[in-house]
Amino acid sequence: MEHQTSNAGLMEDIVGLCKRRGFIFPSSEIYGGYNGFYDYGPLGVELRNNIKQAWWRDMVQRRDDIEGLDSSIIMHPKIWKASGHIDGFSDPMVDCKESKLRYRADQLFFAPVIVEDETIGYISVQESPDQQENAEKAANEFKRKAAKQGTLAPVVLKDYTQATPEEYALIPSPATGKPGSLTAPREFKLMFETKVGPLADDSATAYLRPETAQGIFANYKNIVDTGRVKIPFGIAQIGKAFRNEITPRNFIFRSREFEQMEIEYFIAPDADWKTLHREWLDTCINWLVSIGLPRAAITEDVHPQEKLA
């Protein structure tokens, strides 16, 4: 808990520094701010533009196998239907009926508190680096308040999407500690909707892009036909993307409007993709080091097979 508090304090210090020095301001601050949106101040916009220009120079202009693109933010909704975004681009959402707070179900964890093979209740914690430690502390506190004697069984956490309907009434909200105050998970669509044209019916529905990749895929043939490129080659794009996050958090690290610098690299089906993947990892790491990031601060995160797109 002490580590979690210190991390929160460090984040507050970073947010305060960015505002005082003119790097990043909360969007619409004169009206109380707007959660998940930020404005870049005089120094922030210069820093961001310098990073984008350096990336474009090194990843596009200095390479013979990369072509550039700037696709539109709003594209035909059939693109998002074909990509699976309309049907599947969502997060499981849970509401606390008491506090009115909202959580992502897969970032909310629970466990039964078991003493001498008897389940005496449930605890819940939010996702964090210390979630197991926090859960064990909460279980011990629950046991103490229940005045139960005996050995506490190991705390085995599951995310809320794995809870059964019977457990919904037993799992407490992290906000209030009251069992049964959380709703059942339901899907929350992450794409921002808008209307295109003079009519406001379903036929006018369009979406702000949640990623830049689909603009690259939709223009693949155009670039092959006009750029005279051959596989292997890549298409690079820098641009805005929008995601209606359930719970924006951690400052600009999880916001609803953000900018991506992306490359989609196309190879032959029989190519040695593992070697090429390693080369791109090394290229990206070396580039990050070249603009000033300490090598020790850069890690590689291997996604589990079941979480791959």
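Reader: Which residues are linked with R48 in a network of salt bridges?

Author: K52 and E259 are linked with R48 in that network. Keep in mind that this is a predicted model.

Reader: How many salt bridges does the structure hold?

Author: The structure holds 20 salt bridges.

Reader: Take R104. Which side chain does R104 meet in a salt bridge?

Author: The side chain of D106, at 2.8 Å from N to O.

Reader: And is R104 buried or exposed?

Author: R104 has a relative accessible area of 12%, and it counts as buried because the cut-off for buried is under 20%.

Reader: What about salt bridges within a helix? Which side chain does K137 meet?

Author: K137 meets E133 in a salt bridge of 3.3 Å, N to O. The two are four residues apart in helix 5 (residues 131-145), so about one helical turn separates them. K137 is partly exposed at 42% relative accessibility, and E133 is partly exposed with a relative accessible area of 39%.

Reader: Which residue meets K221 in a salt bridge?

Author: D225, with 2.8 Å from N to O. K221 and D225 are four residues apart in helix 8, which means that about one helical turn separates them. K221 is exposed, with a relative accessible area of 57%, whereas D225 is partly exposed at 47%.

Reader: Staying by helix 8, where does P232 lie?

Author: P232 lies in the loop between helix 8 (220-227) and strand 12 (233-242). The peptide bond that joins I231 and P232 is cis, and its omega is about 5 degrees.

Reader: On to strand 12. What is the strand order in the open sheet of three strands?

Author: The order is 3-12-13, and the pairing is mixed. Strand 3 (66-69) and strand 13 (257-266) are the edge strands, each of them pairing on one side only. From one strand to the next, the twist averages 20 degrees.

Reader: How many bridges join strand 3 to strand 12?

Author: Four bridges join them, and the two strands run parallel. As for a facing pair, I66 stands opposite G234 in strand 12.

Reader: Which strands does helix 2 touch when it packs on that sheet?

Author: Helix 2 (residues 42-61) touches strand 3, strand 12 and strand 13. The direction of helix 2 makes about 160 degrees with that of strand 12.

Reader: Where is the place of K100?

Author: K100 is in the loop between strand 4 (90-95) and strand 5 (102-104). With a relative accessible area of 64%, K100 is exposed, because the cut-off for exposed is over 50%.

Reader: And D117, what is its phi?

Author: About 70 degrees, again positive, although D117 is not a glycine. D117 is found in the loop between strand 6 (108-115) and strand 7 (118-126).

Reader: Does D117 count as buried or exposed?

Author: D117 counts as exposed, at 79% relative accessibility.

Key. Residues numbered from 1 in each chain as written. Predicted model: local features only at pLDDT ≥ 70, side-chain atom pairs only at ≥ 80, totals over all residues. Heavy atoms only, no water. Buried < 20%, exposed > 50% of the residue type's maximum accessible area, 1.4 Å probe, protein only. Pairing = 2+ DSSP bridges. Axes fitted to C-alpha atoms, helices over the stretch in contact; angles between N-to-C directions. Contact = heavy atoms within 4.5 Å. Salt bridge = Lys/Arg side-chain N within 4 Å of Asp/Glu carboxyl O.
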